[in-house]
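Here is a briefing on a single structure, arranged by topic. Please read it alongside the sequence and the model.

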Amino acid sequence: MDCTYTDFTQLYTTPFSLTSLFAVRQKWQNGALFRRDSPRKSTGLIYLHRCNGQYTAADGTTFDAQPGSVVCLPAGSCYSVYNHDCAEKQDDAFLVEFNLHNAGKLLTFSDAPFLLDGSYVHRVAALLCEATNAFEAAVRSPVAVYAAVYTILSVLGKAAHGEENRRFRGILPAVRRLEQNDGGSVEELAAACGMSSGGFRRLFREYLGKSPVEYRTELRLARAQDMLENSDATLEYIAETLGYESAAYFCRVFKKNCHMTPTAYRIMRRA
């Protein structure tokens, strides 16, 4: 199955559409083993209400989901689940399935099921019950069902986004310095964050997907393009303003990254 990987942090700031929504309450057979050998066609979120589930991914990784747990079953994943300690007459689980799309691509979160962990789990569990009840109502309201699922994704995204912000908070002073066109070597930026150069580089790349030097170049070139298009500033002035050692070096960097000279870019944008 051709899927594009995302996570709840990215999903919080990424436009997407929600399709193929389905919800069902489940009554499991105690001691039953369910195997999914073909990839899931949709993502599922399952709330284990009164049962335990032992999940095993295709690579053999195993985890236990206790009553009250919420498990994500990503589109494209294969796994097995052993059901035990199920309730005698009550519902064991609530399952909501859906597809997420962005720019025509199916989004998924992982190759294997994973357990959601955080203070938000109780809220997500309640919303899964709400979505299932709305889906199974005698008079179904699609708006109510979709609203519950969008709220679930919002809760997950907001929680993950906050956790990521805390984890990367240490490098934010360096990011702000770069965005303000403040000079300084990578070593100086790392020192301003109270970090070693190696640790700073690794965390920075994890945060922005590029090195500090690459990010600085990207920001400088964006400012250069704006100045070329919207001012009559000379190449010497632009180079000096952006911190390049000379106009000639600025032109080399610009051509390498933008595949044309600054002068050609100015002419093209003003044509």
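## Charges over rings

The charged end of R140 is placed over the ring of F135, 3.7 Å from the ring centre. A charge sits over a ring if NZ of Lys or CZ of Arg is within 6 Å of the ring centre and within 35 degrees of the ring normal. The model is predicted, with local features needing pLDDT of at least 70 and side-chain atom pairs pLDDT 80 or more, while totals for chains, interfaces and linings use all residues. Residues are numbered from 1 along each chain as its sequence is written, and side-chain values use heavy atoms, with hydrogens and water left out.

- R220 lies over the face of Y244, at 4.9 Å from the ring centre.

## Aromatic pairs

- Rings of Phe, Tyr and Trp (its six-membered ring) pair if their centres lie within 6.5 Å; planes under 30 degrees apart are stacked, over 60 edge-to-face and the rest tilted.
- The count by this rule is 13 aromatic pairs.
- F22 and F135 make an edge-to-face pair, because their ring centres are 5.4 Å apart and their planes stand at 75°.
- F22 belongs to strand β2 (residues 17-26) and F135 to helix α2 (residues 121-135), so this pair ties together parts that are 113 residues apart in sequence.
- Helices (H or I, at least four residues) and strands (E, at least two) are DSSP runs, numbered from the N terminus.
- F22 is partly exposed, at a relative accessible area of 36%, whereas F135 is buried at 11% relative accessibility.
- Buried means under 20% relative accessible area, exposed over 50% and partly exposed in between (1.4 Å probe, protein chains only).
- Y47 and F94 form a stacked pair, with 6.1 Å from centre to centre and 20° between the planes.
- Y47 is in strand β4 (residues 43-48) and F94 in strand β9 (residues 93-102), so the pair ties together parts that are 47 residues apart in sequence.
- Y47 is buried, with a relative accessible area of 12%, and F94 is buried as well, with 6%.
- One aromatic cluster is formed by Y244, Y249, F250, F254 and Y265.

- Helix α9 (residues 247-258) has 12 residues and spans 16 Å from its first C-alpha to its last, close to the 16 Å expected at 1.5 Å a residue.
- The expected span is 1.5 Å times one less than the number of residues in the helix.
- The buried residues of α9 are A247, F250, V253, F254 and C258.
- Seen down the axis of α9, these buried residues fall within an arc of 125°, so they line one face of the helix.
- The arc is that of the directions from the helix axis to the C-beta atoms.
- R252 and K256 are exposed on the other side of α9.
- The buried residues of α9 pack against α7 (212-230), α8 (235-242) and α10 (262-270), where contact means heavy atoms within 4.5 Å.
- In α10, the residues P262, Y265 and R266 are buried.
- These three cover an arc of only 100° around the axis, which puts them on the same side of α10.
- The cover over the buried residues of α10 includes α7, α8 and α9.

## Strand pairing at β8

- Two strands pair if DSSP finds at least two bridges between them.
- Strand β3 (residues 33-36) runs antiparallel to strand β8 (residues 79-84), and 4 bridges join them.
- V81 in β8 is the bridge partner of F34.
- Strand β5 (residues 52-57) also pairs with β8 in the antiparallel sense, over 6 bridges.
- Y79 in β8 is the bridge partner of A57.

## Two individual residues

- S211 lies in the loop between α6 (197-208) and α7.
- S211 is buried, at 16% relative accessibility.
- Not counting residues up to four places away in sequence, S211 touches F204 and R205.
- T62 lies in strand β6 (residues 62-65) and is partly exposed at 42% relative accessibility.
- T62 touches Q54, Y55 and T56, again not counting residues up to four places away in sequence.
- The C-alpha atoms of T62 and P113 are separated by 9.5 Å, and the two residues are 51 residues apart along the chain.
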